[in-house]
Amino acid sequence: MVLVVIIVLVAIVITLMVYNMSIHNKIKAFNNINEKINNLNVLQDFMNAVGENISVDEKIKKVNEILVDRFGIKYSTIVVFDGAEYKLKATNVEEKHWETLKNLHKEDIFKESIVNSTSKYITIDSDEEKLPYQKMEFGRAKSAMFFPLYIDNVYIGYWFIESGEKHAFDNMDTAILDVVKDNIVAILKTVNYQSTMENIPRDDLFSGLKSAEYLYGTAKKIIDKYVISTVCMFKIVNLPEINNTFSREVGNKIITEVSKTIKKSLSNEYIFVRYMGPKFVIVFSGVEPESVIGFITDIKKYAEEIKIEMEEKSKNKKTTRKKKNEEESSDNSKEKNVGKKNNYASPKLNFVVSTYYKGTALDGVTKKLEEYLDNAKDDESNINYV
């Protein structure tokens with residue numbers, strides 16, 4: 001009888017053990033799934049930050065905020081090497097420590113990590129110690145991890161996390177941190193093009209306007225405040241003729257005066273850039289095409305009233321010719337729209353207008369307008385909608 005009871009109890013124990021193992025495996029599987037979901041959610045947060053219409057620096061700062069919030073990291077710092085110097089792109093550490101944080105690559109303890117592309121974990125065992133990179137501080141950080149960052153095997157900086165607790169990262173899943181590091185790299189790679197676009201624009205010498213790159217970088221943030229905007233491109237169609245008939249200096253003055261005349265009529269919310277050569281772009285942010293045609297008609301009229309007098313050196317350019325030949329040449333001249341007979345140059349403008357919708361390709365719209373102007377007749381001087 002006792003034997004039977006023992007056998008029953010053993011069977012119950014074995015059954016409970018099997019059941020507990022099953023429950024344990026299910027919990028483990030659930031935790032793995034939950035961890036994957038959380039990681040996907042963090043990745044989605046990263047992508048949302050990258051997709052926002054904000055500057056590159058603001059995007060990197062937002063990503064750093066997500067890291068601190070979603071992974072419970074005390075201190076997180078992202079430092080990027082731009083080819084010339086190390087720049088602290090994002091951190092939640094007090095400013096007095098920034099100089100130390102952006103020079104961690106100089107610390108012997110982290111140099112090997114950069115060379116070997118491996119992470120480095122450091123911590124202290126007693127409150128009397130300090131981490132090797134700390135110069136004057138003791139209490140703020142007691143554990144830290146250094147992650148060198150690479151894009152296509154090219155070193156571009158590092159991600160650095162810290163904690164105020166000793167041995168804080170002893171049980172941290174480094175595989176998860178490696179995934180986070182890879183996501184940081186992916187984001188830096190993604191915003192690299194935007195960063196280039198933000199840094200390329202220059203002020204054009206003659207027009208005083210930003211170059212076309214400005215349109216696709218900083219200006220786009222202004223334009224995309226609105227659902228619909230109007231993109232207008234115009235071309236000084238007789239600029240090559242002015243350059244040939246008078247001089248390039250006169251042509252440059254035409255560019256300057258046309259730019260000044262139009263710019264002073266535009267609101268600050270409107271974008272005006274020198275697109276390329278004789279072509280310019282105006283973006284009327286938040287305005288539909290029907291509302292700007294009258295305005296464009298006026299600025300076209302004012303611009304075409306500009307007269308640039310031919311300078312004396314241009315008048316006397318060919319002094320070896322006889323006066324009679326010069327008069328005959330002037331009488332037989334077929335050039336139009338430059339006012340050579342009256343010794344002045346005036347511009348002729350050809351305008352083309354289109355609609356831009358937020359979220360679509362702005363460069364696609366400008367390309368379409370450019371193709372229209374390039375294929376238009378040389379003497380066309382209208383306002384067209386495409």
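## The sheet

Two strands count as paired here if DSSP finds at least two bridges between them. On that basis, this predicted model has an open sheet of 6 strands, and the pairing is mixed. Reading across, the order goes β6-β8-β9-β7-β12-β13. At the edges sit β6 (210-211) and β13 (383-385), each of which pairs on one side only.

Take a look at the β13 end. β12 and β13 run parallel, with 3 bridges joining them. Val353 is found opposite Tyr385 in β13.

## Two helices on the sheet

Helix α10 (residues 248-263) packs on the sheet, where it touches β7, β8 and β9. Its direction makes about 155° with that of β7.

Then there's helix α11 (residues 293-304), which lies across β7, β9, β12 and β13. Against β12, α11 runs at about 150°.

## Helix α14

Now for α14, which covers residues 362-375. The helix has 14 residues and reaches 20 Å from its first C-alpha to its last, close to the 20 Å expected at 1.5 Å a residue.

Which residues of α14 are buried? They are Leu362, Val365, Thr366, Leu369, Glu370 and Leu373. Looking down the axis of α14, you'd see these buried residues fall within an arc of 130°, so they line one face of the helix.

As for what the buried residues of α14 pack against, the helices are α7 (212-216) and α8 (218-223). The strands they pack against are β7 (228-236), β8 (271-276), β9 (279-284) and β12 (349-357).

Terms used: Residues numbered from 1 in each chain as written. Predicted model: local features only at pLDDT ≥ 70, side-chain atom pairs only at ≥ 80, totals over all residues. Heavy atoms only, no water. Helix = DSSP H or I, 4+ residues; strand = E, 2+ residues; numbered from the N terminus. Expected span 1.5 Å × (residues − 1). Buried < 20%, exposed > 50% of the residue type's maximum accessible area, 1.4 Å probe, protein only. Arc of directions from axis to C-beta. Contact = heavy atoms within 4.5 Å. Axes fitted to C-alpha atoms, helices over the stretch in contact; angles between N-to-C directions.
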